[in-house]
Structure formats: structure tokens, C-alpha cells
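Have a go at each task before you read on.

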Amino acid sequence: MTKDSGHTATDEEEREREMDASSAMAAPPCRTVSQRDQWMVESQVFQIYQLFATLPPSAQSLMLELQRDRHFEFLSKGLRHLGSAFSVLDANRPWLCYWILHSIALLGESVDDELEDNAIDFLNRCQDPNGGFAGGPGQMPHLATTYAAVNALITLGGQKSLASINREKLYEFLRRMKQPNGGFRMHDEGEIDVRACYTAISVASVLNILDDELIQNVGDYILSCQTYEGGIAGEPGSEAHGGYTFCGLAAMILIGEVNRLDLPHLVEWVVFRQGKECGFQGRTNKLVDGCYSFWQGGAVALLQRLYSVINKQMEETSQIFTILDMSGEKESLDGTSSHTNSQFRHEGTIESCSADFKNIGYDFINEWRAQEPLFHSMALQQYILLCAQEQEGGLRDKPGKRRDHYHTCYCLSGLSLCQYSWSMHPDSPPLPKVVLGPYSNLVEPIHPLYNVVLERYREAHEFFFAGS
């Protein structure tokens with residue numbers, strides 16, 4: 001018999017209750033829904049990585065292979081016919097065209113002549129007589145679907161496609177959407193946000209209709225949306241977000257005012273959005289998502305080209321804090337740029353000048369200077385190929401989610417950015433060591449400011465800038 005054998009059952013139960021109470025006091029706080037979701041995603045991702053690590057090299061190579069033929073089949077089928085479940089996207093039909101056509105172009109493929117003609121004819125029926133493109137025939141013109149339609153037509157390329165865009169009426173639409181505070185409305189009486197600024201400026205830039213009136217005060221509006229974290233929100237006072245950060249940064253580059261942003265803090269915010277899963281999250285403390293392979297990866301790719309501007313800001317900030325107060329700092333930083341036209345020169349620096357700012361997009365890609373990527377490009381490729389890719393075709397947000405055309409588009413765009421992030425020139429084939437998996441995984445390079453395949457951008461530039 002033990003010395004405790006004389007305890008009654010009631011005594012034993014009381015002691016257990018006391019121990020449970022003591023343990024409860026020492027226990028960590030209750031798990032939140034966000035914590036549970038994060039741990040679930042981490043578990044799913046790491047299981048995939050652990051399985052991959054246990055496989056022999058031949059099997060690993062198969063897992064890392066980009067399923068080109070299956071992706072093309074998935075995309076082509078979507079362009080020809082979509083089921084009734086897609087009726088909820090009726091106001092986004094130009095987006096579906098863009099996501100699918102751009103993905104096909106990234107794979108180095110093209111659609112047949114009949115399908116190309118049908119796509120051009122459909123997008124023309126979405127073009128409003130008073131300018132801009134709607135989400136479908138007879139609907140209200142919208143800046144987002146205008147961007148999607150223009151990019152889709154540029155991706156198709158050729159005389160018929162490019163000439164179908166009514167630039168004069170589209171310019172009038174952009175002018176109607178322009179607001180006195182520098183922002184743009186997405187549509188008549190619609191919301192004003194950074195997304196609207198980017199889609200308007202991107203379309204105007206690529207079509208060679210960007211002018212002083214369109215860019216007036218745009219920089220002021222976007223600057224007001226940069227948050228204390230360093231990223232850019234959709235509107236003043238909101239939370240920094242990956243999609244809006246790309247939009248704001250790209251628009252500021254296209255209007256020649258990127259040096260007005262606090263670039264060192266923007267770099268800090270965006271690079272820390274690449275998490276332990278190897279992919280990017282869209283906001284602080286949010287789940288990883290394959291589409292941010294482009295939205296965040298694209299922002300990093302743009303910042304990679306701005307190293308000299310970033311270094312200059314860091315030097316100026318260091319000097320400012322030693323000799324000036326906060327009001328002096330703001331005045332000094334504001335003085336680093338002007339509202340006059342600017343253009344990229346000398347390894348990504350920006351010089352204030354009266355030259356033609358319309359060529360910024362062209363110069364940005366042609367004055368390429370290789371710099372070390374600011375993100376882990378091999379890790380991001382790993383997430384895209386192992387966690388976002390469906391072996392049956394198409395790409396997705398994360399494990400457990402279904403494939404769709406949106407994530408296929410932006411995962412492949414992010415993959416392109418990764419593969420060419422070390423290239424000496426955008427047309428230079430990347431070295432095999434920077435392409436994860438077989439070299440056949442290589443996709444087409446894109447113009448990072450517009451997210452169209454580089455070859456199609458150059459054709460459009462020649463078409464719209466000829467004789468200007």
C-alpha cells in the first residue's frame with residue numbers, strides 16, 4: 001500500500017481539480033481564428049515540402065515541372081466556354097480575357113485565328129461609344145475593365161487588335177474620371193482609390209495618351225496613401241496592401257515621381273511580406289496567397305531597379321535627422337522631386353527635366369541593370385510550383401484552394417519575375433541555376449510596370465508611338 005492509499009475518491013478528485021485550475025492559469029491565451037488558419041496553412045505547406053525532401057531526385061524533378069500542356073488546356077477551355085457558375089463574374093469578362101490570354105502568352109503559346117478574332121470582337125462590344133471598356137456589352141465603362149481590355153488586346157497583338165482601341169474616346173473617359181485631388185474614380189460616381197490611379201495611368205502610358213492634365217496631383221494622392229508601415233493603402237487612412245502597393249509604386253514610376261515616396265520604408269514593408277511558406281502575403285499578419293507572387297513580387301522587382309534612388313533617400317534621411325527638425329525634414333524630402341516631367345536615366349536614377357515623360361515605361365525596361373533581387377526568388381518559385389500549381393492544370397491561391405484563371409495569371413507572372421530577376425538584360429535567357437526545376441520551366445519575360453509579355457509590349461509601343 002502507498003501512503004496515499006487512504007485518500008478518498010473525493011479527495012483525489014479535488015486534487016485533480018486544483019491541478020487543472022493551476023494548469024489553466026499557466027496556459028497560453030485562446031487561439032484566434034487567424035492563428036488557427038495560419039497554422040493550418042503552414043501545416044499543409046510544410047507537409048508538401050517534407051514530402052518533396054524525401055523523394056529521389058528524379059521524382060523531385062517531376063514535382064517541380066511546370067505542367068505547360070495541362071495549363072494551356074485549362075486556359076484554352078476557359079476562353080472558349082465557361083460554366084454557369086461564372087455568371088457572377090459577368091461584369092468582369094474583360095478580366096477573364098486578360099487573365100487567360102496573358103497566361104497563354106506567358107507560356108509562349110497563342111490562340112488560333114478564330115478564337116483571336118472572337119476575343120477582339122467581344123472586347124470591341126465592351127468598348128463604350130463615349131470611351132473606356134465595360135465589364136460586358138452594354139454595361140458601364142470602368143477603369144479596371146478598361147485596363148484589362150487594353151492589356152488583353154495588346155497581348156493578342158496585330159493590326160486589327162491594336163487599331164480597335166479608340167484612344168481619343170478613351171482619353172476623354174480618363175479625363176472624366178480624373179478628380180481635383182489627383183485621384184481617379186473607377187467609374188461614374190464610383191470609388192476613388194490607388195487602383196484607379198494605376199489603371200488610368202498604365203492605360204494612358206501604354207497607349208501614348210498620357211499628358212500633364214492626367215498626371216496632375218496624382219503623385220499627391222498616392223503619397224497620401226503611403227502608411228506608417230511603408231506600404232501603400234487603397235485610400236488615405238486604410239491599411240497597407242500588396243495590390244495597392246504595386247499599383248501606387250508603378251503609377252509613381254510612370255509619372256516620374258517615384259522619389260517622392262518613402263522608398264526605404266516601402267522596401268522594408270514589402271520584403272517582410274515573404275513568409276516562412278516561401279510565398280507572399282498581401283498584408284501584415286495575413287495568409288500567404290499565390291497571386292501576391294506578382295503583386296508583391298512585382299513591387300519588389302520595381303524597387304530592385306530603384307536602388308540608387310533608395311540609397312540617396314537613405315543618405316539624405318540620415319543627414320536630415322542630424323541637422324533638421326521634422327518640419328525641415330519634410331520640406332527637404334519634398335524638394336527631391338518636382339511635378340515637372342521626369343524620366344529614368346543612369347541605372348535607375350530619376351532626374352528632374354523637361355524631357356518627354358511618355359517614354360518612362362519604355363526606358364524603364366530598356367535601361368535594364370542587373371541587381372541582386374530583394375526577395376528570395378528560388379523560394380518563391382518553390383511555393384508556386386509545389387504549392388500553387390495543380391498537376392491537372394491551372395494554379396491556385398494555396399493548398400486546399402481550387403485553381404482559377406486569376407491565380408493562374410498572377411502565379412505565372414510572379415514565376416516570370418523570379419526567373420528573370422538576375423538577368424543582365426530582360427531579353428537575356430536566365431542561367432539554369434536561377435530557374436527552379438527543369439529549364440523547360442522558363443516562361444516569357446514581362447514588362448513589370450504593365451504586366452504584359454515584353455514582346456507584346458514592344459509591338460504595342462511601336463504601334464502607338466510611331467510618328468509621335
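**Exercise 1.** Find the residue with which Asp117 forms a salt bridge, and say what the pair ties together.

*Solution.* Start with the contact: Asp117 pairs with Lys160, and the closest N and O atoms are 3.5 Å apart. A salt bridge here is a side-chain nitrogen of Lys or Arg within 4 Å of a carboxyl oxygen of Asp or Glu. Helices are DSSP runs (H or I, at least four residues), numbered from the N terminus. Finally, look around the pair: Asp117, Asp121 and Lys160 are linked in a network of salt bridges.

A note on the model: it is predicted, local features need pLDDT of at least 70, side-chain atom pairs count only at pLDDT 80 or more, and totals for chains, interfaces and linings use all residues. Residues are numbered from 1 along each chain as its sequence is written, and side-chain values use heavy atoms, leaving out hydrogens and water.

**Exercise 2.** Decide whether Arg260 and Asp220, which meet in a salt bridge, are buried, partly exposed or exposed.

*Solution.* First, the contact: the N to O distance is 2.7 Å. Then apply the cut-offs: buried means under 20% relative accessible area, exposed over 50%, partly exposed in between (1.4 Å probe, protein chains only). Arg260, at 17%, is buried, while Asp220, at 29%, counts as partly exposed.

How values were computed: Helix = DSSP H or I, 4+ residues; strand = E, 2+ residues; numbered from the N terminus.
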